[in-house]
Structures are given as structure tokens and as C-alpha cells.
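Work through the exercises below with the structure open beside you. Try each task before reading its solution.

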Amino acid sequence: MLKYRKKKWLYFAILLLIAVAVWSLYTKQNVKKPEIGNRNNKEVVKTPEEFGANGFDNIPDTQSLQKAIDNSSSIKLKDGATYIIDKPLISNHSITISTEKGAKKSAIILQKNNQSALIFNNKRINSTYVTENVSKKQSYVVVKSTNDMEPGDLFHLKSKKLWYWDNRSVLHKGELHKITKIEGNKVYLDRPANDNYNIQEGETVKAATFKSHYLRLHNIIFKHPNPSNTVMVKVNYASDTKIDNVSILNSKETGIFLNKTYGTSISNVRVELGTTKEISTGYGIQDYGGTGTLITKSTFKKVRRGVDFSGDIPSRYGIVKNSRAYGSGKGTLALGNSGFGTHSTAEYITFQNNYIENFDQAFVARGNYITIKQNTLQGISSRFVFASYGDNLKLLNNVYKSKNGNQLESFILLRVSYLGSIIATENIAADQNGLFLKGNINQLSDIKLEANKIKSQ
């Protein structure tokens, strides 16, 4: 009887151990590990010093900074510290990098090599194809697979068909959205579709999805010891990024490169690149196929162009306002230099209340629905706007003020490739020695010139 009871308890204990083991295995397989940088989780704050950085010596802190990025969602840098790096810092999750609260001096990240200082690289989670025609202003897209997609994800469409104007054989139709809802294979968009896609007529449109990860930069200086042919900060497929009180120094090609970003906000940024005549980019900030980028209260010096909107798909709904761009005078940088501009693939872009000085032209306009209003150009320049390729250009209430006896050659220079419409009203050109519009107006689809004033010396 005693032996029977012992065997019974032994069997029970064995069964209990098996049950515990099975349950443990089940939970390990099915409980998702919290993701660092996910906005739904508690903020994880680290400092580079926790991983061995100093910030006040001449020893590279690259590994310490990278470990801090890998193990946190927020990094605090020391007041007045200079963190030396010798290769790019990389993040693929939401991250905030800032100088500690109450700091008197911004921390410096000094990239000693001829490379980027920071790369934000959001990973793609799904790649599929559009399977039904999409009409302009349609609220949804039908795709082959919605695996792993969720509302809030970034949704990137790219057609194999080329863009309408100045496509250079590599620039395509396409657009960037956020997903609001998924029903079967229907993906609902945050705003109506910007273009038509004729799948039944053989047009191929690829759809890629990215999680809603962000980059936040506050009160930091990124620099090289000397001007270098680099892109200082690269941001790929990020949502709701915020960059404020940041300086970019000595990165001759591009200061901040925004690749397919959604809802980026940039304010109080100072960019001084040291761009020279052989550089064909020289952009303070380049928005490349993004949507809804807002740039305010920022200053650009020693650049070929303060802000550029372009992309391998159109950059849309961008705004630059209350900002300043300073050039080095007409003819001193590569052709096409301007305070601000759009570069082929751009739509619904607005430049408002900006100040520009000493570029060949204040603005380059290439794209569709480009609005330039209430801006001021002063200094040694040839024209206010250079228009080529596209449609629906508006110039409203802009002013040119002479400096050192300079005179504009024209207010608008029209290239033979621009065949769209122009509206120009209430613009003032003080000290201009040529026509208000230089070019063949007969090539335009429509033109309205009203209440513009030219004052010659």
C-alpha cells in the first residue's frame, strides 16, 4: 500500500513538472519581448558614460554611443561634452538624442572620418504589390498581401512608370502615406491617393510597409573638423521625426537627408556646410520623397541650396517658412544654386516668409503646385525665380531689395521646358534692369501677371 502511494505521488510530481515545462515553453514562444524605442513602452534613458564614454578627452566614444543607442530609447549627452566618433552611429528603432536638461552648451558629436555621423534606418516589414487600379483621390489601395501590416504603419507606393516631368529615366510616380485601417486586402490611407495607377493596363506598383518609428534630436551639434564631402545625418522611413536646436557643420554635400519620412518637423536648425563649386548637391536639408515636412526658423550658410524638395518619388506637402539662407554671390557655386527650391519630383510645396541673400536665384521651381509667397531676396543675385518643368507655379507678394548696386536681370526666368501655368501677383522688384518675365510666354498653358512692380535704377 505504501509503495503504491509513493508511486502515485511520484507520477503526480512528474506530470506537474511536465506541465510547468510546457507552460514555460509556451510563454517564451508567445510573449513578445518589449521593443526598445516603441512609443507604447516606458522610456529607457541611458548615457554614453554608462558604457565607458568620456566626452572630454581625445579618445573615440563610438562604441559607447552605439551601445547607448542599442540599449535605450533616450540618450542624454553631457553639457559641453565633445563625443568623438570614427564611424556612423546607427539606429533602427525610435530614439531620442539630446543634451541633458539645463545644459549651458550643446554637446558635440564630432565625426573625424569622411562618413555620416548618424544614420536612422527603419527596417521594412512587408513588400507586396498593388493588384487593382487606383484612382486619384481614392481612399484605399488593394494589395496582394497585408501580412504584418497594422494601422499607423508607413505605406510607400512606387510605380515602375516614370514621373511626368524631368524624370531623368530614374524618377517615378509614387507616394507616401500612413495606414488608417485594413479590411482584408484593402489598405485605407490617411489622405486620398495623389495619383492614378492603372494596374489593369500593365502598370506595376510596389507597396512597402514600415513600422512607425521616429527620431528626435534636440540641442546637439554635429560636425567634422574640416569641410568634408559627406551627408551628416541620414533619416530613412521615419514617422513624426522632430529635430530642433541642432547645428550641422562642415558636411559639404548635405546636412540632413530625409528619405521617405512622414510628418517631419524641423525648427531652429543651423546648417553651415562649407560647400564649394564642384559640389552639385550642397543641400542644407534635402527632403527626398517625403510627405508633410515642416521646416521653420532655421538658418543656412555656405550651402548651394538651403532646402531642396525632390526624390525618386515626389516629395509632397512640404513647407519652409520664417527661415534664412545666405549664399556667397552669383556665379560662385555650382549651377542651380538658390536659397530654396524644388527639384523635379515635388508637389504641393510652399515657401513662405523666408529671407534669401546672394544666390544666383532666390528659388528654383521644378514640379507641380509650387507656391512662393511673402519672401524677401536681397543682395547680389540674377533673378528671383528660375522655372523649369512642371505646372501650377504661384508667386505672391514677394520682394527683391537691391544691395551694393546689384540689379536683377529678370524677376522670373522661364526655361523652354516649363509648359504649365504661372500666377504672379503683387511682387515687387526694386532695381531690376530687365523684363519681369524673361522667356516665351506663348509656351505657357496659362499666365496671370497682376499688380507687380518693377523699379529700375
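Predicted model: local features only at pLDDT ≥ 70, side-chain atom pairs only at ≥ 80, totals over all residues.

**Exercise 1.** Describe the salt bridge between Glu347 and Arg316, and say which strands it links.

Solution. Step 1: the closest N and O atoms of the two residues are 2.8 Å apart. A salt bridge needs such atoms within 4 Å, so this pair qualifies. Step 2: Glu347 belongs to strand β28 (residues 346-352) and Arg316 to strand β24 (residues 315-316). These are distant parts of the chain, 31 residues apart. Step 3: both Glu347 and Arg316 are buried.

**Exercise 2.** Find the class of exposure of each residue in the salt bridge between Lys181 and Glu183.

Solution. Step 1: the closest N and O atoms of Lys181 and Glu183 are 3.5 Å apart. Step 2: Lys181 has 38% relative accessibility, so it counts as partly exposed. Step 3: Glu183 has a relative accessible area of 43%, so it too is partly exposed.

**Exercise 3.** Which side chain of opposite charge is nearest to Asp61, and what surrounds this residue?

Solution. Step 2: Asp61 is buried and has no salt bridge. The nearest side chain of opposite charge is Lys112, 11 Å away. Step 3: leaving out residues up to four places away in sequence, Asp61 touches Ala53, Asn54, Gly55, Thr82, Tyr83 and Ile84. Step 4: for Asn54, the backbone nitrogen lies 3.3 Å from a polar atom of the Asp61 side chain.

**Exercise 4.** Which element gives the largest share of the lining of the second largest pocket?

Solution. Step 1: this pocket holds about 240 Å³ of space. Step 2: its lining has 15 residues, and Arg304, Leu335, Gly336, Arg366 and Phe386 lie nearest the centre. Step 3: the elements that give two or more residues to this lining are β30 (361-373) and β32 (383-396). Step 4: the largest share, 3 residues, comes from β30.

Definitions and conventions: Residues numbered from 1 in each chain as written. Heavy atoms only, no water. Buried < 20%, exposed > 50% of the residue type's maximum accessible area, 1.4 Å probe, protein only. Lys, Arg positive; Asp, Glu negative; His and termini not counted. Polar contact = N/O pair within 3.5 Å; in protein donor to acceptor, adjacent residues only side chain to side chain. Contact = heavy atoms within 4.5 Å. 1 Å grid on protein atoms, 1.4 Å probe; cavity = no way out; pocket = protein on both sides within 12 Å on 5 of 7 lines; lining within 4 Å. Points joined across faces, edges and corners; volume = space filled by probe spheres on them. Helix = DSSP H or I, 4+ residues; strand = E, 2+ residues; numbered from the N terminus.
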